[in-house]
Structures are given as C-alpha cells and as structure tokens.
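Have the picture open while you read.

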Amino acid sequence: MAKALPGKYNPRRLLQRVSNDLPELLRSEELWLCAWCYRCTERCPQGIQPTEIFLLTRNLASEEGRIPKNPKAIIREIMRSGRSVSVPDGFDEWREGYGLPPIGMTISPKAIEEQRKIFGEELLRRLDA
Amino acid sequence: MTEYLLYPGCVASVRELGYEMAMRAVFKRLDVKLRQRDDFNCCMPACLVHSVDYKRGLALTSRNLAIAEEEDLPLMTLCSSCFGNLSRAKYLLDSNQDLRRDVNKLLGEVGREYRGKARVEHVVTSIYKDYGPDGVREMSVKPLSGVRAAPFYGCHLFLPQRYSGFDDAEFPQKLDRLIEATGAESVDYHEKTSCCIGCGSFFGDVSEEAGLKLAEIILDDVKASGADAIVATCPFCMMQLEVGQIKLREAKGKEYGIPVIHYVDAFGLSLGVEPSELGLDLRRISVSPLLQKLGRD
C-alpha cells in the first residue's frame with residue numbers, strides 16, 4: 001500500500017501518529033489504509049508488530065463509532081449471512097451446472113446465530129448506527 | 001488415505017468457481033478426501049472484523065479452529081486470506097495464554113473451546129507437504145514443457161513467517177519449485193512477492209486506485225519477463241490481476257493478455273486432468289494461448 005499511495009500512506013508515519021497524534025488519527029483515513037500485507041511486522045528489527053498495533057488503534061476509532069462506510073457494510077453482511085460476499089439467488093443451480101455441491105448448506109443458521117452471539121449486541125448496534 | 005477438512009471461504013466459493021472446480025478435480029485425481037461441515041463462519045478478516053473489536057474478532061476466527069478440533073483433521077483453505085487469518089489466530093492463541101483464556105471465555109458463551117490442536121493448511125501448503133516437488137514431478141503425465149510461468153506468491157501464504165511457517169519471508173522459493181515440478185519454467189521477476197491489496201483494502205475509491213496502480217506495476221513486470229502466464233495461489237490475487245487487466249485496457253488501452261491461473265491448474269494439467277474439468281473456461285482472461293502452446297486447446 002505504501003508503494004501505491006506514497007503521499008497518503010506510510011506505516012512509519014502511522015506508528016508515529018499513534019503516539020503523537022492519536023485524536024486526529026482516529027478521525028483520519030490513513031488509519032484504515034493498512035492492507036495487512038505484514039511486511040513491516042515481518043521486517044521490524046525491534047520486533048514491534050505494527051499490523052497488530054494498527055488493528056488495536058482502529059478499535060479505539062470503532063469505540064468512538066468511527067467505522068468507515070465500506071468496511072462497515074462488509075461486516076454487516078458477514079453478520080447477516082456468515083459470508084463477506086453475498087450469494088446471489090439461484091446460485092446453487094449455477095454451481096450445480098459446473099458440477100459443484102450446493103453452497104447453501106455450507107453455513108448453517110446455527111452458525112450465524114453463534115457468530116452474532118460472539119460478536120455481541122453492542123457491536124451489532126454499532127454497525128447499524 | 002489423506003483427508004482434510006475443507007474450509008471453502010467466501011471468495012473462492014462465490015467468485016472463483018473455476019478455482020474450486022480445479023481444486024476438487026485435482027484432489028479427486030489424487031484420492032484425497034475432503035470432508036465438509038455446514039457450520040463454519042467467515043474467517044473474519046483482521047483488517048475488517050478485528051479492526052472493530054480485536055478480541056471478539058479473534059474469537060470469531062477461532063470458532064472455526066474449535067470446529068476443526070472436533071473433527072481432528074487439518075483444515076485446508078482455498079484462500080490465502082482465510083489461511084492468513086486462521087494461522088494468525090492459531091499463532092496468537094498458542095503464544096499468549098492470557099489471550100487464549102479471554103478468547104475461550106467468549107467461545108464458551110456458545111459452548112465452544114479452542115484447545116490448541118487445530119492444524120491449518122492451504123491448498124498449496126498441503127500439496128507441498130504431502131507430495132513436494134519430487135512427488136509432483138513423479139505424478140506428471142503431461143508436463144508443461146516449454147511454458148514460462150510467472151509465480152505470484154501473494155502475501156499470506158508466506159507472511160509473516162511466524163504465522164504461516166511455510167516459506168522464507170524474504171526469498172520464498174517453494175512455489176517456484178512446485179511450478180518447475182510440473183515441467184514449466186519458473187520465471188524470475190521483481191514483483192513476484194509483491195502485495196496486490198486485494199484481500200486487505202476495502203476503502204472504496206482509494207482502494208480501487210491503489211489496487212489498479214499495483215496491478216499495473218505487477219503486470220508490466222510480468223509482461224517484460226516474457227512469461228506465458230501468471231501462476232497464483234490466492235483467489236484475491238487472481239481477481240486483482242485479471243480484473244486489473246480488464247480495467248487497464250479500458251482506462252489506458254493497455255493490452256496484456258496474460259492468463260492468470262492457480263497452481264492447482266498447472267498441477268492438474270500436468271496430472272492429465274482436462275482443462276474443462278479445471279474450470280479454465282471460467283477465467284476472466286482467456287487461457288487459450290497457454291493451452292495452445294501445450295497443444296491442449
């Protein structure tokens with residue numbers, strides 16, 4: 001990501017901002033630009049795990065109700081259907097045409113109930129806010 | 001008989017049917033049994049779900065590990081992102097007892113527990129471990145002679161090393177060795193271990209812009225290497241590098257025409273599996289030039 005958007009995203013700057021500029025960072029786009037390629041975590045000579053630090057910092061933004069629109073929509077879909085990608089109607093027939101077993105059975109209603117319970121009421125409400 | 005617990009994942013089973021077909025055809029040929037369950041949930045990408053709540057996200061990912069322990073079989077993912085999330089959860093819970101206790105408290109609310117016994121594999125790591133380059137070479141009946149293939153590792157198959165444990169973090173070579181075992185030549189090029197951001201960036205226009213820019217850098221490099229095809233390991237990478245070609249044609253008039261296949265496609269072709277059984281006609285960029293070169297179009 002740093003290679004694609006050198007002006008907008010830099011993991012070193014992001015780490016500095018976690019300690020020096022936290023309130024602003026929690027409102028910024030940059031906090032959500034890490035694409036978790038893990039190269040910084042792999043290479044850090046001090047063994048800091050920036051990827052994990054960025055996730056925890058996003059948690060602080062989340063607690064303030066600041067979850068960007070697109071990630072929020074995908075998480076809402078996961079909590080509704082158990083999958084990050086929505087399955088179109090009639091998809092099993094389409095899969096059958098390619099000799100593939102039905103997908104409808106691969107996530108049971110019980111599994112969705114369990115995942116919603118683990119995620120919790122408070123977070124489910126935060127997704128709808 | 002080798003047996004795995006299949007973890008289908010969202011992207012492979014909804015958007016990449018060709019890959020799923022190839023995976024099933026190859027493991028059927030190898031007499032590998034794939035057991036399925038109906039109660040896995042999404043791997044809960046760290047960049048999305050763990051971003052809003054670290055521990056609950058981790059518990060949701062680990063719920064899948066707890067299910068795998070009931071079956072006492074290694075999990076096998078199709079997607080490198082699923083592999084990355086599940087192996088990360090396993091690493092974190094195995095190396096931090098306090099975190100494991102907290103996560104198990106959440107799992108306990110739905111009557112589940114992670115005990116530390118789950119094993120996580122990816123289609124490519126399982127092929128490497130079960131057969132290795134020597135085994136792949138021995139089984140090859142229709143070698144991909146004359147094909148120049150550009151390996152594209154994708155991030156989570158090998159990064160970070162402490163999670164995946166599959167290959168060297170700076171100089172991975174296992175995919176190259178597996179490709180060579182099919183009879184193809186593995187082409188070296190600068191971008192072969194780059195990130196495509198396909199599985200990690202869901203931010204709208206900014207992610208689109210960055211993804212297209214990275215696809216262009218990677219595709220230009222593959223083109224310059226003279227490779228006949230890209231051989232990837234992850235359905236997200238495959239989408240980024242195929243859709244990238246379509247978008248760059250529309251936006252810049254660039255014509256790459258580089259087929260993007262998965263390693264199981266290359267392996268399947270060398271095993272003598274028919275291209276139609278591998279779902280190769282479902283690829284977004286035509287693989288005909290590659291099949292013509294092999295005399296199998």
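A salt bridge, as the word is used here, is a side-chain nitrogen of Lys or Arg within 4 Å of a carboxyl oxygen of Asp or Glu. Keep in mind that this is a predicted model. One such bridge joins the side chains of A:E52 and B:R88, with 2.7 Å from N to O. The count between chain B and chain A is 7 salt bridges.

So much for one kind of link; here are some totals for the interface.

| What is counted, chain B with chain A | Value |
|---|---|
| Residues of chain B in contact with chain A | 67 residues |
| Residues of chain A in contact with chain B | 61 residues |
| Area buried between the chains | about 5600 Å² |

Carbon and sulfur atoms carry 64% of that buried area. On chain B, the residues that lose the most area to chain A are B:V14, B:V52 and B:F203, together 12% of what that side buries.

Which helix gives the most to the side of chain B that touches chain A? That's α3(B), with 7 residues. By class, this side of chain B has 36 nonpolar, 14 polar and 17 charged residues.

Now for the sheet. Chain B has an open sheet of 4 strands, ordered β6-β5-β7-β8 with parallel pairing. Its edge strands are β6 and β8 of chain B, and each pairs on one side only. Strands β5 and β7 of chain B pair over 4 bridges, and B:A150 has B:I230 in β7(B) as its bridge partner. Helix α12 of chain B lies across β5, β7 and β8 of chain B, at about 170 degrees to β8(B).

Conventions: Residues numbered from 1 in each chain as written. Chains lettered and ligands numbered in written order. Predicted model: local features only at pLDDT ≥ 70, side-chain atom pairs only at ≥ 80, totals over all residues. Heavy atoms only, no water. Contact = heavy atoms within 4.5 Å. Buried area = accessible area lost by both parts, 1.4 Å probe. Helix = DSSP H or I, 4+ residues; strand = E, 2+ residues; numbered from the N terminus. Nonpolar A, V, L, I, M, F, W, Y, C, P; charged D, E, K, R; others polar. Pairing = 2+ DSSP bridges. Axes fitted to C-alpha atoms, helices over the stretch in contact; angles between N-to-C directions.
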